[in-house]
Amino acid sequence: MEPKSMSRAIAFGLLRALLIIGGVILLAWFLWEIQSVLFYIGIAAVLSLIGRPIVLFLRDQLRFPNTLAVIVTLLFLFSIIVGAILMVIPVIAEQGENISKINIEEVKENLEVLNEQISDYFGINRVNVLERIQNLEFVRENFTMDIVPQFVNGFFGTLGSFMIGLFSILFISFFLLKDSRLLLEGVLVFSKKGNEGQFLRAFTKIKQLLSRYFIGLVFQIAILFVLYSVILLSLGVQNALIISFFCALLNLIPYLGPAIGYVLMCAFVISDNLGANFTEIILPKLIVVTIGYGIIQLIDNFLNQPLIFGKSVRSHPLEIFIIILIAGLVFGILGLVLAIPLYTAIKVISKEFLSEYKIVKKLTQNL
């Protein structure tokens, strides 16, 4: 090759590489700018997967017209979302008002008394908890007595944006439920000519598995909500239903969520009985919470999760644990939440397009 031709080839190669890099950067910037839209589409896809069996039941069993079945399904899902919001808002407003009326000195005295009782009961040196907390850099920089009112104001300030997002999600969900091929046709755009059959099989399988998975999660949250509510209501904890609802939602974060839920539940039990005798009142209630929470987690881990994670996505529990662990280490809490759905989709796609590899055959033999 002549030097002139070689220089042209090198220049063309560099120009092509720069254009590719520029295109990737531009695409990443564009996706970042429309991240809220992508989020709406993702949530709408999840709602459509959850609502699809309801639509099929109304349409095939009760003979509803397709459009009417979709509308009834969305109204049902919308009523659940709005019901949860209406249940939370008054409690947040009430607690914000109550906190603004708190006598700080009285709270300090109660905490000091509780600290002394705990130290005496367990036979440990007394630790000034308030002083330790106040000396934390995070607390000094971020916590003031105005934090709760600010949170309440911010909550209501973003309520309008939330309603816009909710309307967008329901609007997108309506068309995804009404025309089940709408999302499929969007996916097939990225397929090569002749590979449409593989894309169709992979998409159908992913939709089937994830639909069962998300429906299973809804049942898991509902079961945990009922069981948590029984514990807190039996102890007479204020706002027991709200606390139980949040603790149940935390289980969407594998492994880490239940631990946070337990700490949150214990904290509410202590705050609800602040000023009471630790040995006679607070400690017995904490023991009840610990035993009850432990039993519920055993039920969830050995009954609920194998049915949801194992049978719905057809993966071994150890396989699921390793994937969640890796996703959590690499991507944090978001990785913990999205690990199983994304791993399931990757497995199905790998089976369709990479089935010649032994590791793929081994991992996808149950699909």
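**Note on the predicted model**

1. The protein chain has 16 helices and 0 strands. The model is a predicted one. Of the 367 residues in the protein chain, buried residues make up 31%.

2. On contacts along the chain: taking those between residues at least 6 apart in sequence, 64% join residues at least 24 apart.

3. Helix 11 (residues 240-250) packs with helix 12 (residues 256-272) at an angle of about 160°, and their axes are 8 Å apart. Helix 11 is therefore roughly antiparallel to helix 12, since angles over 145 degrees count as such. The crossing of the two helices is right-handed.

4. Which residues make this contact? From helix 11 they are Ile 243, Cys 247 and Leu 250. Helix 12 contributes Gly 257, Pro 258, Ile 260, Gly 261, Leu 264, Met 265 and Phe 268. By class, the contact of helix 11 with helix 12 has 8 nonpolar and 2 polar residues, with no charged ones.

5. A separate point concerns Ser 48, which is placed in helix 2 (residues 35-61). Is Ser 48 buried or exposed? Ser 48 counts as buried because its relative accessibility is 10%, and the cut-off for buried is under 20%.

6. The surroundings of Ser 48 can be described from two sides. A polar atom of the Ser 48 side chain lies 2.6 Å from the backbone oxygen of Ala 45. Leaving aside neighbours within four places in sequence, Ser 48 is in contact with Leu 176 and Leu 177.

Definitions and conventions. Residues numbered from 1 in each chain as written. Predicted model: local features only at pLDDT ≥ 70, side-chain atom pairs only at ≥ 80, totals over all residues. Heavy atoms only, no water. Axes fitted to C-alpha atoms, helices over the stretch in contact; angles between N-to-C directions. Helix = DSSP H or I, 4+ residues; strand = E, 2+ residues; numbered from the N terminus. Parallel < 35°, antiparallel > 145°, perpendicular 65-115°, else oblique. Left-handed = near helix turned anticlockwise from the far one by under 90°. Contact = heavy atoms within 4.5 Å. Nonpolar A, V, L, I, M, F, W, Y, C, P; charged D, E, K, R; others polar. Buried < 20%, exposed > 50% of the residue type's maximum accessible area, 1.4 Å probe, protein only. Polar contact = N/O pair within 3.5 Å; in protein donor to acceptor, adjacent residues only side chain to side chain.
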